[in-house]
Amino acid sequence: MNQIKACIKGVHGYVPEDVLTNADLEKIVDTHDEWIRTRTGIQERRILRDPNKATSDMGVEAVKGLMEKCNFGPDEIDLLICATVTPDMVFPDTATTILYKIGATNAFGFDINAACSGFLFTMTTASQFIMSGAFKKVVVVGADLMTRITDYEDRATCILFGDAAGAVLLEPNEGSAGLIDSYLRSDGSGKEYLHMKAGGTLRPASEETVRNREHFVYQEGRPVFKSAVKGMAGAVDTVMERNGLQGDDISWIAPHQANLRIIQAVADHAHVPMEKVMVNIQKYGNTTSATIPLCLWEWEDKLHKGDLIIMTAFGGGYTYGASLWEWGY
Ligand code: UT7
């Protein structure tokens, strides 16, 4: 009997209309366009300004687009998992809110928080529900409203982040297309360099935490940069080696978009030319859980059945890894 594969059958993305350019940031913090472009590759990012909208609303837009494109209704969804570090609320989870807003009544859902590796971790997790034979239609959402947790007084960090959502449909497949391998790791020693100080049970919200600006992303860029290159390059290596692949065998790398220099270092290490690496950081910045699905969405027209794609990410935790997929359409 053929093993059931978890196959990507469609992808859709959503970015808010409002653009936050490097020139806009020059008016807010002591920075300049040239520094941001050369140190990160970012030229602009999107921002959801409507205070009545939250992460779930971006997720809903992405899922609605996916349903229309792939021609299925909300009641056909068995499971929806949302990767996010910016849930609408601490609870309930954002997946349940998305399911409610799209009118899905036959599904269950939950969130996964693995910071910038959230989408990568969620794709592998979601695939298990398909591979077990238990479910037929699983939707993975990567959505983050990063500008709501960005400190616009911290110039080294505020230039990085933007808002977006992406959604992917996973279905069973008995052919070769689908998830082939994944290597995922969590390393809690990285916590000190990338975290949010308050708002959890360790340091609940108080006047002091608000005064100290502890409800924003805290990042020490240099150590994170080094670990990101090492973590992503090493994970890609592992997956390529385990599957007997050389750089030439890889059709595309879909990397987390945190810094163009990190992406280039990972591609170099894997001997994959930049023409085969999905890069849209210049337009959207770092959208955390949404970076990889946004890439797949923008590259969808260029992808062919049988393409071998490596997704790789690194984020707070630390969390990191890589997964190998054969594209199915
Ligand atoms: O997605 C999750 C994982 N996150 C990442 O992978 C991010 C990894 N880290 C990075 O991408 C980079 O470390 C940053 C983009 C965050 C920072 O770039 P960097 O090249 O590591 O800069 P740095 O922090 O070492 O700072 C270099 C200089 C400093 O000035 P001095 O001390 O050399 O005089 C900073 O104060 O650049 C200065 N600087 C800025 N200058 C203009 C820092 N931010 C800015 C800024 N504009 N926005």
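Lysine 69 and glutamate 300 form a salt bridge, with their closest N and O atoms 2.7 Å apart. By salt bridge I mean a side-chain nitrogen of Lys or Arg within 4 Å of a carboxyl oxygen of Asp or Glu. Before I go on: this is a predicted model, where local features need pLDDT of at least 70, side-chain atom pairs count only at pLDDT 80 or more, and totals for chains, interfaces and linings use all residues. Residues are numbered from 1 along each chain as its sequence is written, and side-chain values use heavy atoms, leaving out hydrogens and water.

Now the domains. The assignment gives domain 1 (5-176) and domain 2 (180-326); such bounds come from an automatic or database domain assignment. Their C-alpha centres lie 14 Å apart. Domain 1 puts 53 residues into the contact, and domain 2 puts in 44. Contact here means heavy atoms within 4.5 Å.

How much area do the two domains bury between them? About 3800 Å², with 62% of it on carbon and sulfur atoms. That is the accessible area, with a 1.4 Å probe, that two parts lose on being put together, summed over both.

Across this interface the rule finds 3 salt bridges. It also finds 18 residue pairs in polar contact, both residues at pLDDT 80 or more. A polar contact is a pair of N or O atoms within 3.5 Å; within protein, one must be able to donate a hydrogen and the other to accept it, and residues adjacent in sequence count only if both atoms are side-chain atoms. On the domain 1 side, the elements giving two or more residues include α2 (33-40), α5 (118-131) and β7 (163-173). Helices (H or I, at least four residues) and strands (E, at least two) are DSSP runs, numbered from the N terminus.

Next, salt bridges in the whole structure. The search finds 14. Take aspartate 33 and arginine 37, which meet at 2.8 Å, N to O. They sit 4 residues apart in helix α2, so about one helical turn separates them. Aspartate 33 is partly exposed at 25% relative accessible area. Arginine 37 is partly exposed too, at 39%. The cut-offs: buried is under 20% relative accessible area, exposed is over 50%, and partly exposed is in between (1.4 Å probe, protein chains only).

A second pair is glutamate 153 and arginine 213, at 3.5 Å, N to O. This one links distant parts of the chain, 60 residues apart: glutamate 153 is in the loop between β6 and α6 (155-158), arginine 213 in the loop between α7 and β10. Glutamate 153 is exposed, at 59%. Arginine 213 is partly exposed, at 32%.

Then arginine 242 and aspartate 181, with closest N and O atoms 3.1 Å apart. Arginine 242 lies in helix α8 (residues 221-242) and aspartate 181 in strand β8 (residues 178-186), so the pair ties together parts 61 residues apart in sequence. Is aspartate 181 buried or exposed? Buried, at 15%.

Glutamate 214 sits in the loop between α7 (207-211) and β10 (217-219). Why does glutamate 214 count as buried? Because its relative accessibility is 9%. Its side chain makes a polar contact with the side chain of arginine 203, at 2.6 Å.

Asparagine 259 is in the loop between β11 (252-255) and α9 (260-270). At 8% relative accessibility, asparagine 259 is buried. Leaving out residues up to four places away in sequence, asparagine 259 touches Arg39, Thr40, Phe225 and Ile281.
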